[in-house]
Amino acid sequence: MEHLRSLGSVYYLVYGTETFLHNHYCLSLLQRFEDIKTLSLMLAYPRDLENYQYLMEDMIVLPDITVLCLMVITNGHAFGSSVFHVLRLCTGIRRLILDLPTSSGSEVQTVCSSDCICDQPADWETEELLLNHLEEVEITGLRGSEHEFAFVKRLFNWGTKLKEMRVTFYRSTSEIKAKEFYEIYQSFSRPEVCLKLYLYRNLSVVSYAPED
């Protein structure tokens with residue numbers, strides 16, 4: 001299928017066992033293509049990671065991608081390491097859409113324990129990555145957790161040619177949390193990058209501009 005331009009939704013389990021055949025089928029499919037304009041990839045974390053292996057290292061190659069639509073079902077876990085792994089396999093992307101939906105469609109977001117292994121390996125926090133084609137980032141479902149803030153800061157550093165970042169907070173996120181994100185973002189932002197923030201109010205998405 002040499003003329004295929006869009007592929008999705010491809011599902012991949014971040015933690016599991018080597019006997020989980022679905023991941024192998026997913027990788028086999030992705031390896032059949034050299035160039036895809038848009039790839040929609042879903043990364044899913046089990047609720048309990050105990051006795052599971054980190055499976056992202058089995059993903060060693062991705063097609064050349066222009067637009068990456070990445071949905072991450074976190075189940076309360078930190079997602080930095082898995083998303084970093086994907087991004088370093090597709091450094092030529094021009095647009096990144098990162099969707100962080102509520103786990104399993106539930107209104108309640110679980111939180112993992114402080115000794116959870118979900119943010120390992122931690123090389124994404126220090127290792128350099130150059131996304132020098134990335135111009136546009138869209139993040140949906142941001143709750144304002146510490147590890148989300150850390151990831152956005154790293155993403156901003158990786159995207160040296162970034163022009164626009166749009167963030168839509170999770171529907172129950174308060175203006176206080178949105179302002180906190182804005183202030184942290186301002187501490188490392190570049191003037192040439194346009195930041196657009198959106199909050200839910202009365203089931204509608206509205207633009208958010210923090211007061212001075």
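Modeller: On the domain 1 side, 15 residues are in contact (heavy atoms within 4.5 Å) with 16 residues of domain 2. This is a predicted model, in which local features need pLDDT of at least 70 and side-chain atom pairs count only at pLDDT 80 or more, while totals for chains, interfaces and linings use all residues. Residues are numbered from 1 along each chain as its sequence is written, and side-chain values use heavy atoms, with hydrogens and water left out. Domain 1 covers 1-65 and domain 2 covers 78-104 + 118-211, with bounds from an automatic or database assignment. Taken over C-alpha atoms, the two domain centres are 22 Å apart.

Now the cavity itself. A cavity here is a set of points on a 1 Å grid over the protein atoms alone where a 1.4 Å probe fits but cannot get out. The count comes to one cavity of 30 Å³ or more. The largest cavity holds about 40 Å³, a volume being the space filled by probe spheres set on points joined across faces, edges and corners. Its lining (residues with an atom within 4 Å of a point) is made of Tyr-12, Thr-17, Glu-18, Phe-20, Asn-23, His-24, Leu-27, Leu-55 and Asp-58. Helix H1 (residues 21-30) gives the most to this lining, with three residues; helices are DSSP runs of H or I of at least four residues, and strands are E runs of at least two. By class, the lining has four nonpolar, three polar and two charged residues. Asp, Glu, Lys and Arg count as charged; Ala, Val, Leu, Ile, Met, Phe, Trp, Tyr, Cys and Pro as nonpolar; the others as polar.

Met-1 is exposed because its relative accessibility is 76%, where exposed means over 50% and buried under 20%, with a 1.4 Å probe and protein chains only. Its C-alpha atom is 44 Å from that of Ala-178, 177 residues away along the chain. Ala-178 is also among the residues touched by Thr-173, together with Leu-142, Arg-143 and Leu-199, leaving out residues up to four places away in sequence. Thr-173 sits in the loop between strand E8 (164-169) and helix H4 (175-188), and it counts as buried because its relative accessibility is 11%.

An unreviewed UniProt entry lists residues 129-165 as "domain: FBD"; such annotations may be inferred rather than shown by experiment. That span is 35% helix and 24% strand, and its end C-alpha atoms lie 18 Å apart.

Key: 1 Å grid on protein atoms, 1.4 Å probe; cavity = no way out; pocket = protein on both sides within 12 Å on 5 of 7 lines; lining within 4 Å.
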